[in-house]
Amino acid sequence: YLAFLGGNLNRADGGNTYALNTRVGKFIGERLDISANAAINGGNPVSDYNGLTLGAGMRYNKPLSFAPLNGTLAAKLERIPAPDAGLAFLLSPGVSYFTSGGSLDLFIDFALSGAFRGGRTLSVGYTVYFGGGR
């Protein structure tokens with residue numbers, strides 16, 4: 001099992017938006033996990049874009065031979081706060097540095113659909129692992 005806590009900060013049109021992200025999941029293979037995701041979004045001057053994001057995703061990780069890191073690739077489907085196009089599909093490549101009880105994660109979300117289609121978000125966070133694979 002795993003639990004993730006992280007966040008991101010976006011700068012656009014002279015303003016900042018932010019999100020606090022959480023994820024809980026289970027490994028279904030040595031390197032593959034599935035999870036439920038939730039986030040609180042804020043800072044957007046248009047209040048329709050602030051609020052709760054809910055979704056589901058899966059993530060695959062593989063050790064990189066040239067560094068003490070794992071490469072990761074996630075796919076997520078999320079319901080985002082937006083007046084239109086509230087369902088988003090995201091691909092999230094990144095890297096993870098494993099510690100004794102978890103991993104420090106850095107990844108980029110590429111919004112392939114939804115209100116933020118074409119957008120990119122850099123996120124950082126920490127994943128805790130509860131007895132099992134990574």
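The model is predicted, so local features are reported at pLDDT of at least 70 and side-chain atom pairs at pLDDT 80 or more, while totals for chains, interfaces and linings use all residues. Numbering runs from 1 along each chain as its sequence is written, and side-chain values use heavy atoms, with hydrogens and water left out.

View 1. Reading along the sequence gives β-β-β-β-β-β-β-β. Here helices (H or I, at least four residues) and strands (E, at least two) are DSSP runs, numbered from the N terminus. The radius of gyration is 15 Å, close to the 14 Å from the globule rule for 134 residues, so the chain is as compact as a globular protein of that length. That radius is taken over C-alpha atoms, and the rule is 2.2 Å times the number of residues to the power 0.38. Along the principal axes, the C-alpha atoms fill a box of roughly 40 × 25 × 20 Å. Of the 134 residues, 36% are buried (under 20% relative accessible area; exposed is over 50%, partly exposed in between; 1.4 Å probe, protein chains only).

**View 2. The partners of strand 6, strand 5 and strand 7.** Strand 5 (residues 70-79) runs antiparallel to strand 6, joined to it by ten bridges. Look for Gly71 opposite Val95 of strand 6. Strand 7 (residues 102-111) also pairs with strand 6 in the antiparallel sense, over seven bridges. In that pairing, Ser96 faces Asp105 of strand 7. Three residues separate strands 6 and 7 in the hairpin they form. For the record, two strands pair if DSSP finds at least two bridges between them.

**View 3. Thr72, a residue of strand 5.** Thr72 has 11% relative accessibility and therefore counts as buried. Leaving out residues up to four places away in sequence, Thr72 touches Arg59, Tyr60 and Asn61, along with Ser92, Pro93, Gly94, Val95 and Ser96. Contact means heavy atoms within 4.5 Å. Val95, one of the residues touching Thr72, is also the residue that Gly71 stands opposite.
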